[in-house]
Amino acid sequence: MMGKTAVITGSGQGIGRGIALRLAGDGFNIVISDIDESRAEDVVQEIKNAGGQAVSIKANVTSKSDIHHLVQQSVHEFGSVDVFVNNAGIDQVAPLLNATEEDINTIFNVNVNGTIYGIQEAAEQMKKQGGGKIINACSIAGHKGFALLGVYSATKFAVRGLTQAAAQELAPEKITVNAYCPGVVGTSMWERIDARLVVEMGLASSGDAFKKFTEGIALGRAQTPEDVANFVSYLASSDSDYMTGQCVLIDGGILYN
């Protein structure tokens, strides 16, 4: 199969799905990877219905062997891995003092270890090809620690550090490493965050936390997966060839740095 290939973890829904659809529209062969095979297949079908090329490969990002298999199978299907998006991630809303050992290990395994494994396995393949682009999911919580999102924020600060370090180490191999940092995105993840914040903050009803967080956005609305995907499209394109080690806020105007 000719053409460039993009692999997106956690792409059965939400931001990952949005990225997959956009990159398919850009002409990439797409590998949808998710722990939910049914949702992954739905996205594959969406892409195929629009005339694109896509397959789904199940992988759990907390398993290095799963990610190794994901990369190898992607090469088997399409011949290369030109873009690897470490999109998979989970949230956690709780006071820092209430975070259990299990809570901490679970979110670090997905958000941090999963990103490391993705960088490692994608880079090994890209070195053989003479280059590529690794794109990580960070967050506004990787630029500012948020109350009730302390452990989650810690994982996203870690992603920033990994992005900067990997960019320096992999630059000689012509591999760039960058990250996107969304704000308040209208996805199922934020529905879960809202439900927990409503309880923790003592708000009146469902949706109040989401409303509270979106009221302060300069552009006056919540973010969509397409907003994020548009920026990832740039990171995946040759237009970003001279950019590496950056974790860019794309939040509609919440944080400024």
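Student: Against which elements do the buried residues of α1 pack?

Tutor: In this predicted model, the buried residues of α1 pack against β1, β2, α2, β4, β6 (175–182) and α8. The residues concerned are I15, G16, G18, I19, A20, L23 and A24.

Student: What makes the span of α1 close to the expected one?

Tutor: α1 has 12 residues and reaches 17 Å from its first C-alpha to its last. Just after α1, G27 takes a positive phi of about 105 degrees.

Student: With which residues is I19 in contact, leaving aside its neighbours within four places in sequence?

Tutor: I19 is in contact with I8, V85, N87, Y180, A229 and V232. Together with I30 and Y180, I19 is among the residues with the most contacts inside the largest nonpolar core, which has 28 residues. Elements giving two or more residues to this core include α1 (14–25), β2 (29–33) and α8 (225–236). The largest share, 6 residues, comes from α8. Apart from this core lies another, of 25 residues, among them I67, I119, A123 and I175.

Student: Why does Y152 count as buried?

Tutor: Buried means under 20% relative accessible area. Y152 has 11% relative accessibility, and therefore counts as buried. Y152 is found in helix α5 (residues 150–170). Leaving aside neighbours within four places in sequence, Y152 is in contact with I90, D91, Q92, I107, N111, S139 and A141.

Student: What UniProt annotation covers Y152?

Tutor: The unreviewed UniProt entry gives the annotation "active site" for Y152.

Definitions and conventions
Residues are numbered from 1 along each chain as its sequence is written. This is a predicted model: local features need pLDDT of at least 70, side-chain atom pairs count only at pLDDT 80 or more; totals for chains, interfaces and linings use all residues. Side-chain values use heavy atoms; hydrogens and water are left out. A nonpolar core is a set of buried Ala, Val, Leu, Ile, Met, Phe, Trp, Tyr and Cys residues joined through side-chain atoms within 4.5 Å. Buried means under 20% relative accessible area, exposed over 50%, partly exposed in between (1.4 Å probe, protein chains only). Helices (H or I, at least four residues) and strands (E, at least two) are DSSP runs, numbered from the N terminus. Contact means heavy atoms within 4.5 Å. The expected span of a helix is 1.5 Å times one less than its number of residues. UniProt positions are given in the numbering used here, feature names are shortened, and annotations may be inferred rather than shown by experiment.
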